[in-house]
Amino acid sequence: MVSTHPAGVQSGRQYLANSTGAVSPNQQLLPLSARINNSDRLEIGGCDVTTLVQQFGSPLYIVDEDTLRTACRQYREAFQKYYPGSSQVLYASKAWSCLAVCAIAHQEGLGIDVVSGGELYTALQAGVSPDKLYLHGNNKSLEELKLAIDSGCTIVVDNWYELQTLGNWSSSIDHPIRIMLRLTPGIECHTHEYIRTGHLDSKFGFDPNELDKVFAFVSQHSALNCVGLHAHIGSQIFEQQPHRDLAGVMVQWLDKASGYGLHIEELNVGGGLGIRYTEADDPPSIEAWVKGVCEAIKDACAAQQLALPKLLCEPGRSLIGAACVTAYTVGASKTIPGIRTYVAVDGGMSDNPRPITYQSVYRAVVANKMSAPATQTVTIAGKHCESGDILIKEATLPPSQPGDILVVLATGAYNYSMASNYNRLARPAAVIVKDGEANLILRRETYQDLIRQDCLPARLSTEV
Ligand code: PLP
């Protein structure tokens, strides 16, 4: 049975076919290396998930290295196939920034898009070379800008305040500052409003109506080395047309830049490719998405008789999203006759804020009874002091008991990176699994970690 990777990757692998050969829709949302072992338990990267929880604690983020590396390679190979000119895929590390994930992206030949000094520091510490780092942000601090300049990464300039600041600094710095310009393309996507950034009413990027002024400013500051233009239209997008439209718009900007004597070599079309969170989601494959973008850029450049720019994109979700699952331990449950059954787990909105923030829908399996028939529809509740802390409103699962290991699927993107200590819950550990080996990539926080930054002024101190 050929299964479909959540990000639309054709895996060609057989996984999770149980003894009857059946593969349930939820199983099709699991990472590439997932299978059911002889004990009827879920295995990822050759590691038994229930055993991982016993070893590393609960809840636990589990990252499948094969899935992450496969997605990186699919982006890279698709660009090689469909874009003869030069290209660079950047990993949007806002989806999950930590040393191990940045290191894998780097090993796979990807650059990294960072949006803060913290993400920049993380990528540098992971060994990513500055020439493959791009700093975003609509309100970068002066400190962040200085760190970017000192480390030699490219600054994606978002607004006039930033451009003028860099313009003022550029004369006193002994090397040109490498910048790109982020513009708001005015393209709307049918996605959640909070993650829609490409329409004109957005806090991000220059208004394209000001393009002449922006280009004129840059052309008057020779120490600003403007190498490229950037736009990002949103996230979790399944349609391909918006990115095709974006390519056309960006090539027109490129054309305009040449009128100001600017030598713009790079176009960055942002990220945004969606993934499968449920069986109803049907995103294009990575290859189809890249093909669409490359063809649109080539067509638009041919129409304007422009040389092909270096083409960049910066996916986050479609690289890391499907690679991770979160394993929780089932605790209390509560049945309200005729209404619903709540099954509570030992995490919730602090390790996955997407359901409460975006009403995102997830699917789950019970790792220690993979072949048990899914006969119950229950509501998976988190443990936070918040009625809205519901991870899955309607989960169809086998009947579960305290101690069962509930695994929420496709949690790699914007879960750990948006995690908090709400209610002073310690953030979970994360492991990366491959070929039967599990390595810690994030240590579980302890109670001591929770008070590490606390200060207790002497006059408030009481003997403990
Ligand atoms: N680039 C920018 C500027 C973004 O704001 C985002 C996310 O919103 C991304 C890239 C990554 O998007 P995605 O994770 O949907 O691929």
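A salt bridge here is a side-chain nitrogen of Lys or Arg within 4 Å of a carboxyl oxygen of Asp or Glu. Keep that handy, and remember that this is a predicted model.

**Exercise 1.** Work out which residue forms a salt bridge with Glu-162, and whether the two partners are buried or exposed.

*Solution.* 
- Step 1: Glu-162 pairs with Lys-140, and their closest N and O atoms are 2.7 Å apart.
- Step 2: Now place them. Glu-162 sits in helix H6, while Lys-140 is in the loop between strand S7 and helix H5, so the pair links parts of the chain 22 residues apart.
- Step 3: Buried means under 20% relative accessible area. Glu-162 has 3%, so it counts as buried.
- Step 4: Lys-140 has 5%, so Lys-140 is buried too.

**Exercise 2.** Find out where Glu-287 and Lys-81 lie, and how exposed each one is.

*Solution.* 
- Step 1: The two form a salt bridge, with the closest N and O atoms 2.8 Å apart.
- Step 2: Glu-287 belongs to helix H9 and Lys-81 to helix H2, so this pair ties together parts 206 residues apart in sequence.
- Step 3: Exposed means over 50%. Lys-81 reaches 55%, so it is exposed.
- Step 4: Glu-287, at 32%, counts as partly exposed.

Conventions
Residues are numbered from 1 along each chain as its sequence is written. This is a predicted model: local features need pLDDT of at least 70, side-chain atom pairs count only at pLDDT 80 or more; totals for chains, interfaces and linings use all residues. Side-chain values use heavy atoms; hydrogens and water are left out. Helices (H or I, at least four residues) and strands (E, at least two) are DSSP runs, numbered from the N terminus. Buried means under 20% relative accessible area, exposed over 50%, partly exposed in between (1.4 Å probe, protein chains only).
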